Every structure is written in C-alpha cells, then in structure tokens.
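This briefing walks through one protein chain, topic by topic, for a reader who is new to looking at structures. Please keep the sequence and the three-dimensional view open while you read, and find each residue as it is named.

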Amino acid sequence: MTLGLAAVIFVLGMHPALAPFILVLVPTVAAIIVAAVVGGGELGRLAHRITRWRVLPMLYVAALGLPIAANFLIVALAVASGTPMSARSLGWTRPRWSSR
C-alpha cells in the first residue's frame, strides 16, 4: 500500500514534502472507513485500541515535552549569549520550489 501511495504521489506531481502526511493519513482513513462499513461495533473497538494508554501518561508527556523544552532552551541560551539570530543562520531560507 505504501509503495502504491508513493507512486500516486509521484504520478500526480505532488510536492514531496506532502508525502509523509499522505502516507500516514490515507491508511488511517481507510481503516476508519472499513471499520465503519463492517459495523458490529468495529469502529468502537478501533477507537478503543487507538486511545488505550499502554504506558504511564507521564511518559507520553516526557516523550513529547522534552524535545520541545530542549528546543526552547537552546533558543533561550542562544539569545542570552548574544548569538546573532538571522534567518539564514537558522536555516530559514526560501525553498527552491517557491515561485518568488
């Protein structure tokens, strides 16, 4: 399925930056549609399996929060030390595919 979706992305000429979103969302939407069509409570079972916590909630907070906090800390240290924060030094340049 992934190879087929990648081929569709290529054939339709979509921007490569959209590929990860399409490769993740299309199978998810397909699973939801199949569960809804099958009926018999399958959609509820699918929702239960997706939302079931497998580890402590604090570990989810740490997994999502630590990288965000680390990025904020890096920026704060850079600003505090007087590092020049130009757009080019951050890698924020105009993309090649931009029309401007």
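Predicted model: local features only at pLDDT ≥ 70, side-chain atom pairs only at ≥ 80, totals over all residues.

Helix H4 is followed by Gly82, a residue whose phi is positive, near 85°. The points below take up the overall picture, then the individual helices, and then the surface.

**The chain as a whole**

- The chain has an average pLDDT of 80, and 81% of its residues score at least 70; pLDDT is the predictor's confidence in each residue, on a scale from 0 to 100.
- Among the elements of the chain, H1 has the lowest mean pLDDT, at 77, while H4 has the highest, at 89.
- Of the 100 residues in the chain, 6% are buried, and the chain exposes about 8,600 Å², of which carbon and sulfur atoms supply 74%.

**Helix H4 and its bend**

- Helix H4 covers residues 57-80, and because each of its 24 residues is counted at 1.5 Å, the helix should span 34 Å, which agrees with the 33 Å that separates its end C-alpha atoms.
- At Gly65 the helix H4 bends by about 35°, and a proline, Pro67, follows within four residues.

**Helix H2 and the residues around it**

- Helix H2 has 20 residues and reaches 29 Å from its first C-alpha to its last, a value close to the 28 Å expected at 1.5 Å a residue.
- Just after H2 comes Gly39, which takes a positive phi of about 75°.
- Pro16 lies in the loop between H1 and H2, and because its relative accessibility is 62%, Pro16 counts as exposed.
- Both of these prolines can be related to Ala6: Pro16 is ten residues from Ala6 in sequence and 9.5 Å from it in space, C-alpha to C-alpha, while Pro20 is 14 residues from Ala6 along the chain, with 9.4 Å between their C-alpha atoms.

- A nonpolar surface patch of about 680 Å² is made by Val8, Leu12, Met14, Leu18, Phe21, Val24 and Leu25.
- Which helices each supply at least two residues of this nonpolar patch? They are helix H1, residues 2-12, and helix H2, residues 19-38, and H2 gives the most, with three residues.
- Val24 is one of the residues of the patch and is found in helix H2; because its relative accessible area is 53%, Val24 is classed as exposed.

- How many salt bridges does the structure hold? It holds one, in which the side chains of Arg45 and Glu42 meet at 2.3 Å, N to O.
- Side chains of opposite charge can pair when their charged atoms come close.
- Arg45 and Glu42 both lie in helix H3, which covers residues 42-51, and they are three residues apart, about one turn of the helix.
- Arg45 counts as partly exposed because its relative accessibility is 48%, and Glu42 is partly exposed as well, with a relative accessible area of 30%.

Note on methods. Residues numbered from 1 in each chain as written. Heavy atoms only, no water. Patch = residues over 30% accessible without salt bridge, like charges linked within 9 Å, V, L, I, M, F, W, Y side chains within 5 Å. Areas by Shrake-Rupley, 256 points an atom, 1.4 Å probe, with all protein chains shown as cover. Salt bridge = Lys/Arg side-chain N within 4 Å of Asp/Glu carboxyl O. Buried < 20%, exposed > 50% of the residue type's maximum accessible area, 1.4 Å probe, protein only. Expected span 1.5 Å × (residues − 1). Bend = angle between axes of the 7 residues up to and from the residue.
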